[in-house]
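Subject: Structure handover

Hello,

Here is the structure I said I would pass on. My notes on what was found in it follow below.

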Amino acid sequence: MDAPSPTARLLDDRATRLFIALAAFFCVNAVLAEFIGVKIFALEDTLGIAPLAWNLFGQNGSLSFTAGTLLWPVVFVFTDVVNEYFGRRGVKMISWIAVALIVYGFVFAFVAIALAPADWWVDAAQAQGVPDYQAAFAAVFGQGLWTIAGSVVAFLVGQLIDVQVFHRIRRATGERMVWLRATGSTAVSQLVDSFVVIWIAFVLGPQQWPTSLFLAVSSVNYAWKMLAAIALIPLLYLMRRAIAAYLGPARARALREQAASG
């Protein structure tokens, strides 16, 4: 009988399979968040409540967010889980892979927009109220380069900050207070992320937002992300229990100790 190949033995390792699954789910959520983020939704209308009419820095309005905010809190949870079991190297690796996939996706979105549409396809969705399918496709997938640049830079900077803050808190608390290192790292990284993405996309970009609008919108988005991160703390603990059951308590503890040591 032939001996199993090194690749087969590697893929039989449960920790390896766990990392692949976490990385895949992390990356697909990050890419999806970027692409669906072109849609802006009204929170109050979605919930069927009266507009809250916030007022910050002299700006006021209803609570409007990008659809990507539905997925970013999930990305934060997976960042914390990878950080917990695979450390800095794990988070940095999946972050760079996600950035590469986001850029790759946008490159081919622009390639798809540039392709000459079939005549029959342009009119194919008129019955659904879309008079020009090509124009709609270009509007949805052809996000501005400033928005793409802002999203990618903010995501990468936020991830690199998250991993550093996470391990600083971990060194101070040890294995205790998982919620603190998860929420604390998110609080710092998303403070940077929320302001950087809007600064690049809408202040440095062609829209040139005034400072008051930049501060107001960034603050509202940051508050939303933090509320979502806090609400998802139970998911973090559920995932820890599921991983311990999958790997076994001893292997899970060994991975956490290895991740904590750098």
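**Overall fold and contacts**

Among contacts in the chain with a separation of 6 or more, 76% are between residues 24 or more positions apart. Please keep in mind that this is a predicted model. The chain is made up of 11 helices and 4 strands. Its C-alpha trace spans about 60 × 55 × 35 Å along the principal axes, and 44% of its 262 residues count as buried.

**Nonpolar core**

The largest nonpolar core contains 42 residues, and Leu22, Phe26, Val81, Phe86 and Phe155 have the most contacts inside it. At least two residues of this core come from each of helix H2 (14-36), helix H4 (72-114), helix H7 (145-173), H8, helix H10 (233-247) and helix H11 (249-260). H4 gives the most, with 17 residues.

Leaving aside neighbours within four places in sequence, Phe86 is in contact with Ala15, Leu18, Phe19, Leu22, Leu255 and Ala259.

**Helix H8**

Helix H8 covers residues 178-204, which makes 27 residues. At 1.5 Å a residue H8 should span 39 Å, and its end C-alpha atoms are 38 Å apart, so the two values agree.

Is Val192 buried, partly exposed or exposed? Its relative accessibility is 27%, so Val192 counts as partly exposed, given that buried means under 20% and exposed over 50%. Not counting residues up to four places away in sequence, Val192 touches Val157 and Ile161. Val192 and Gly105 are 87 residues apart in sequence, and their C-alpha atoms are 24 Å apart in space.

**Helix H9**

Helix H9 (residues 211-231) has 21 residues, and the distance from its first C-alpha to its last is 30 Å, close to the 30 Å expected at 1.5 Å a residue. The buried residues of H9 include Phe214, Val217, Val220, Tyr222 and Met226, and also Ser218, Ser219, Asn221 and Lys225. What do the buried residues of H9 pack against? Their partners are strand E2 (54-56), strand E3 (59-61), strand E4 (64-66), H4, H8 and H10.

**Pocket and cavity**

The largest pocket holds about 760 Å³ of space. It is lined by 35 residues, and those nearest its centre are Ile40, Thr66, Ile198, Phe202 and Asn221. H2, E4, H4, H7, H8 and H9 each give two or more residues to the lining of this pocket. The largest share, 7 residues, comes from H8. Asn221 is also among the buried residues of H9.

How many cavities of 30 Å³ or more are there? The count comes to 1, and the largest cavity has a volume of about 70 Å³. Its lining consists of Pro73, Phe76, Val77, Asp80, Ala182, Thr183, Thr186, Ala229, Leu232, Ile233 and Leu236. H4, H8 and H10 are the elements that give two or more residues to this lining, and H4 has the largest share with 4 residues.

Regards

Definitions and conventions: Residues numbered from 1 in each chain as written. Predicted model: local features only at pLDDT ≥ 70, side-chain atom pairs only at ≥ 80, totals over all residues. Heavy atoms only, no water. Expected span 1.5 Å × (residues − 1). Core = buried A, V, L, I, M, F, W, Y, C linked by side-chain atoms within 4.5 Å. Buried < 20%, exposed > 50% of the residue type's maximum accessible area, 1.4 Å probe, protein only. Contact = heavy atoms within 4.5 Å. 1 Å grid on protein atoms, 1.4 Å probe; cavity = no way out; pocket = protein on both sides within 12 Å on 5 of 7 lines; lining within 4 Å. Points joined across faces, edges and corners; volume = space filled by probe spheres on them.
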